[in-house]
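This report describes one chain, moving from a single residue to the fold around it. The sequence and the model come next.

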Amino acid sequence: KMDRNLITYFHHSPGEFEEWYAQNASKLSGPKFVFDYDMKDDKTGLDLIADFNLGPNSILMTNFYDDASVQAKAVNASVKIFPKSLLHCISIGKNRS
């Protein structure tokens, strides 16, 4: 179940995300990020997470979830990693007390 106040943005390239983040980082309140590992670019989703120090606020959804190298990088960046096939199971929203 998604939070009704959740605003989603989809970025299709690392450059698009970098530009958006540079313009909006100071306006974000409790952001959550979902990245794909394979960005069809020289940079991966994990690179973006590391570049902007987004690890604790990020989830990596990837078909490479069983790759030991990707898993090790995700652990080092404090990123949760899940197979893309489980994307529909991920609930993103505010925790309510």
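Leaving aside its neighbours within four places in sequence, with which residues is Ser58 in contact? Ser58 is in contact with Phe33, Phe35, Ile49, Val79 and Lys80, where contact means heavy atoms within 4.5 Å.

## Basis of the model

The model is predicted: local features need pLDDT of at least 70 and side-chain atom pairs count only at pLDDT 80 or more, while totals for chains, interfaces and linings use all residues. Residues are numbered from 1 along each chain as its sequence is written, and side-chain values use heavy atoms, with hydrogens and water left out.

## Overall layout

The chain holds 3 helices and 3 strands. Helices (H or I, at least four residues) and strands (E, at least two) are DSSP runs, numbered from the N terminus. Along the sequence they follow the pattern α-β-α-β-α-β.

Of the 97 residues in the chain, 28% are buried; buried means under 20% relative accessible area, exposed over 50%, and partly exposed in between (1.4 Å probe, protein chains only). The chain exposes about 7,000 Å², and carbon and sulfur atoms supply 50% of it; accessible areas come from the Shrake-Rupley method with a 1.4 Å probe, and for residues only the protein chains shown count as cover. Among contacts between residues at least 6 apart in sequence, 49% join residues at least 24 apart.

## Strands E1 and E2

Strand E1 covers residues 33-36, and strand E2 covers residues 58-62. The two strands pair in the parallel sense over 4 bridges; strands pair if DSSP finds at least two bridges between them. Val34 has Ile59 as its bridge partner in E2. From E1 the chain passes through helix H2 (residues 45-51) to E2 in a right-handed β-α-β crossover, that is, with the strands pointing away from the viewer, the path from the first strand over the helix to the second runs clockwise.

Asp36 counts as partly exposed because its relative accessibility is 22%. The side chain of Asp36 makes a polar contact with the side chain of Lys84 at 2.8 Å. A polar contact is a pair of N or O atoms within 3.5 Å; within protein, one must be able to donate a hydrogen and the other to accept it, and residues adjacent in sequence count only if both atoms are side-chain atoms. The side chain of Asp36 also reaches the backbone nitrogen of Asp38 at 3.4 Å.

Asp36 and Thr62 are 26 residues apart along the chain, with their C-alpha atoms separated by 5.4 Å.

## Thr62 and Ser58 in E2

Thr62 belongs to strand E2 and is buried, with a relative accessible area of 0%. A polar atom of the Thr62 side chain lies 2.9 Å from the backbone nitrogen of Phe64. Contacts of Thr62 beyond four places in sequence include Asp36, Tyr37 and Lys84.

Ser58 is also in strand E2. Ser58 is buried, at a relative accessible area of 4%, and a polar atom of the Ser58 side chain lies 2.7 Å from the backbone oxygen of Leu54.

## Helix H3

Helix H3 covers residues 68-76. At its start, a side-chain oxygen of Asp67 reaches to within 2.8 Å of the backbone nitrogen of Ser69. Ser78, which follows H3, has a positive phi near 60°.
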